[in-house]
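Please keep the sequence and the model in view while reading.

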Number of protein chains: 2
Amino acid sequence: MKDDKKLVEEITSMHEDFAKWYTDVVLKADLVDYSSVGGCIIFRPYGYSIWENIQRELNRRFKETGHENVYMPLFIPESLLQKEKDHVEGFAPEVAWITHGGSEELTERLCVRPTSETLFCDHYSKIIHSYRDLPKLYNQWCSVVRWEKTTRPFLRTREFLWQEGHTAHATAEEAQEETIRMLNIYAEFCENVLAIPVVKGRKTEREKFAGAHATFTIESLMHDGKALQCGTSHNFGDGFAKAFDIQYTDKNNQLQYVHQTSWGVSTRLIGAIIMVHGDDSGLVLPPNAAPIQLVIVPIAQHKPGVLEKAREISGRLSGICRLKLDDSDKMPGWKFSEYEMKGIPLRLEIGPKDIENNQVVLVRRDNRQKEIVSMDDLENAIPRVLADIQKGLLEKARAMLKDKTYSAKTFAEFEKIINETPGFIKAMWCGSSECEETVKEKTGATARCIPFEQEELSQKCFCCGKEARHMVYWGKAY
Amino acid sequence: MKDDKKLVEEITSMHEDFAKWYTDVVLKADLVDYSSVGGCIIFRPYGYSIWENIQRELNRRFKETGHENVYMPLFIPESLLQKEKDHVEGFAPEVAWITHGGSEELTERLCVRPTSETLFCDHYSKIIHSYRDLPKLYNQWCSVVRWEKTTRPFLRTREFLWQEGHTAHATAEEAQEETIRMLNIYAEFCENVLAIPVVKGRKTEREKFAGAHATFTIESLMHDGKALQCGTSHNFGDGFAKAFDIQYTDKNNQLQYVHQTSWGVSTRLIGAIIMVHGDDSGLVLPPNAAPIQLVIVPIAQHKPGVLEKAREISGRLSGICRLKLDDSDKMPGWKFSEYEMKGIPLRLEIGPKDIENNQVVLVRRDNRQKEIVSMDDLENAIPRVLADIQKGLLEKARAMLKDKTYSAKTFAEFEKIINETPGFIKAMWCGSSECEETVKEKTGATARCIPFEQEELSQKCFCCGKEARHMVYWGKAY
């Protein structure tokens with residue numbers, strides 16, 4: 001097998017150059033291609049089908065919790081974007097502006113949505129009248145545009161695909177419940193579907209969303225020790241409601257402002273999958289997110305009976321998992337490398353000897369373990385092994401997260417860790433933006449979140465030595 | 001029931017003012033709302049879920065025929081749009097232009113995609129090398145933007161949702177086969193899911209897509225006698241391949257240009273559903289496209305046992321059809337009108353007397369027929385009645401299409417029909433653009449298609465009297 005592997009172009013080792021390894025994987029696994037539009041990528045079929053799986057899994061969870069999908073316009077008039085002061089300040093510097101329709105200059109510039117709070121608020125102000133109209137639990141799948149200077153496939157692109165939930169509630173309590181409900185759904189989804197463990201917490205004032213009262217986040221850790229924000233959920237209080245005049249008549253016939261939330265995850269998640277599970281042979285996909293869970297590779301397929309048997313197995317298993325039978329005339333070794341690169345969780349090999357022995361060979365992508373399984377037991381064995389891979393990937397990722405999570409009591413300790421063994425650093429913080437600024441300037445790390453699970457590591461801020469208010473997860477981030 | 005109906009605001013009668021009736025239905029049935037962005041609409045949950053059903057049904061058909069979904073950038077650089085001469089001439093006058101990213105002026109203008117041929121071609125030129133890479137059968141679900149002057153919800157909006165298939169083939173024959181295969185899929189989908197019969201045919205040179213060798217279309221007829229183009233499928237030959245240099249090495253090691261197709265349907269289809277099936281009480285949805293197929297309305301729901309029974313029925317039927325139980329405290333008459341407006345195909349009424357008699361009352365939306373059904377037979381009765389409604393709507397639409405299809409041998413006959421009884425007019429045509437121009441100028445009608453099913457109505461062009469080459473379906477169109 002070693003020699004066969006050479007048939008497929010090698011990729012850079014992640015230990016040699018992590019950024020190059022990442023780019024190699026996204027291109028060689030046929031996830032994306034670069035486009036002629038600077039900073040925008042093409043989602044190729046294999047990359048897009050991972051997104052379709054993410055959409056299906058999240059959509060089910062959203063609908064089970066009473067959310068409905070809608071679609072708002074792609075454009076936002078400049079005057080509408082400006083209605084909420086903090087919001088426009090946060091987004092105006094990075095939006096793309098439409099100035100002309102055909103050959104005519106527009107009377108008012110339109111931006112391509114960088115996020116749709118203003119459009120949802122505008123709509124809510126028209127359709128919400130009474131407490132009977134609440135809550136409104138809307139979600140939208142779409143693409144958004146932010147004019148970033150430096151870009152990288154999935155992680156930061158000028159256009160990206162995402163979902164944005166926007167809800168309106170009668171009370172502050174309900175809005176807060178919704179904010180946390182959706183954060184928990186994201187966390188559960190990341191762990192159970194993507195096999196990515198996350199730290200849940202609140203963003204600091206400096207890091208919160210433009211216009212939010214509070215932003216909550218799930219943060220994960222990549223192979224290289226850098227953090228990735230996987231999803232956020234914002235509580236807006238009644239700030240947007242006041243800016244957009246979204247009022248309803250309550251049961252006592254009094255006018256009240258609604259309380260709102262928004263929450264989103266994006267195609268960044270595909271970047272997280274790559275950097276949490278991938279290895280030097282390419283992508284490793286958790287079965288629950290994989291477009292193809294099992295690939296069947298016939299061995300010596302020109303020999304009588306092999307292809308017939310492979311097709312029979314393919315037919316038997318097609319209702320049990322997402323599978324592909326590769327009966328092309330490429331060599332098995334080439335196929336092995338190709339599907340390893342693409343991160344297909346499980347490979348089934350079937351050759352003349354296996355047929356003789358009424359067996360098949362299963363090879364796991366995650367740990368390369370081989371298992372010989374009776375042909376009669378496939379319907380049980382395949383789901384069992386896939387579930388085991390899913391579980392194994394989550395455990396491995398949990399172990400990595402634990403391994404790369406450090407704690408520091410002093411700035412010196414903090415700096416040493418960030419320079420020598422990058423990862424999450426737990427450290428006490430006084431709550432001041434000045435300390436956040438200092439940390440960022442001197443180390444490049446930011447406050448990833450104030451985790452829900454607090455520990456009292458000391459009584460003093462590691463940066464300024466004043467009284468500590470929170471334990472914070474710090475790290476360099478994508 | 002008559003009196004109860006007044007509880008819901010009446011809509012304009014379609015015979016009084018068809019355009020006003022249409023607008024009333026799209027707003028009162030909660031399909032869309034107007035937005036602050038001129039010419040763009042908001043898809044509300046009910047309207048969007050019809051689109052989700054269309055997507056699911058078409059996606060299944062696309063995947064069964066080997067197509068894969070991808071996602072291309074939202075933007076097209078001006079230089080890329082200009083690569084195919086006819087294409088840019090067709091689209092440049094109606095695109096929206098991005099000139100600034102944040103505060104910086106772009107070095108090259110980008111347009112928001114009006115359609116994505118140029119992006120797919122650019123990508124294909126990079127990834128197609130050998131005959132082994134063919135065919136490429138890609139599809140994309142997205143929104144596109146065309147800066148229209150006059151707009152109407154679903155029918156013509158500046159942004160609309162659609163799918164666009166783009167394929168590349170080794171030979172002209174394969175491309176032609178694909179073009180017709182997708183047209184047939186559209187026609188089958190329209191008839192079986194939307195209950196809309198269509199006329200299949202080829203567009204004239206004047207009406208074909210900018211850059212296509214040939215455009216094929218499915219045309220349907222609305223209640224008011226106007227035609228609606230429901231979907232198109234284009235054969236590009238090797239025109240785009242030559243403009244974008246998409247070549248492959250064939251089995252004999254010779255360089256060849258690929259042959260391409262593209263095909264699309266859009267949210268216009270929702271407009272077609274409204275105008276083919278709707279009536280003066282509002283929307284009428286075919287069960288196969290309806291977000292909610294059955295609404296359960298409890299009668300005298302404060303009486304003991306009624307709500308319990310309604311919930312029990314809802315539970316029994318929830319795996320059988322898409323249903324909603326309305327146990328709100330609104331009056332039954334209000335609910336009847338509301339769900340008639342929303343076009344829900346079937347209503348199930350359950351009250352104390354029904355419970356006594358172990359029965360329910362079913363009321364069809366399409367013809368208002370009532371049927372009393374035994375409580376024990378619901379699992380059979382509901383699918384039977386829904387299938388019957390689906391079939392009935394298609395038959396009714398077929399009868400309307402037949403009724404409103406006329407034929408004319410002379411220009412005088414043609415004019416009389418178009419003015420007195422609008423619909424499709426079958427008439428012979430010489431093949432010249434001049435006659436098309438004359439017909440359009442004098443009557444407002446255009447050549448909808450040269451149908452596959454030809455008839456020889458006479459030997460002369462109805463317009464100029466010269467030798468006829470084709471029988472054409474003419475009509476005024478949306």
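Leaving aside its neighbours within four places in sequence, with which residues is B:Cys230 in contact? Its partners are B:Tyr186, B:Cys190, B:Ile196, B:Val198, B:Ile218, B:Glu219, B:Ser220, B:Val265, B:Leu269 and B:Ala272, where a contact requires C-beta atoms, placed from the backbone, within 7 Å.

The model is predicted: local features need pLDDT of at least 70 and side-chain atom pairs count only at pLDDT 80 or more, while totals for chains, interfaces and linings use all residues. Residues are numbered from 1 along each chain as its sequence is written, and chains are lettered from A and ligands numbered from 1 in the order in which they are written.

A:Cys230 and B:Cys230 have the most contacts inside the largest nonpolar core, which has 280 residues. Such a core is a set of buried Ala, Val, Leu, Ile, Met, Phe, Trp, Tyr and Cys residues joined through C-beta atoms within 7 Å. A residue is buried if 20 or more other C-beta atoms, placed from the backbone, lie within 10 Å of its own. By this criterion, 49% of the 478 residues of chain A are buried.

The C-alpha atoms of chain A occupy a box of roughly 80 × 55 × 50 Å along the principal axes.

Where the chains meet, chain A gives 43 residues and chain B gives 43 residues. On the side of chain A, E5(A) supplies the largest share, six residues; strands are DSSP runs of E, at least two residues, numbered from the N terminus. E5(A) pairs with strand E5 (residues 96-101) of chain B in the antiparallel sense over five bridges, pairing being defined by at least two DSSP bridges. Within E5(B), B:Ala96 stands opposite A:Gly101.

How values were computed
Contact = placed C-beta atoms within 7 Å. Helix = DSSP H or I, 4+ residues; strand = E, 2+ residues; numbered from the N terminus. Buried ≥ 20, exposed ≤ 12 C-beta atoms within 10 Å, placed from the backbone.
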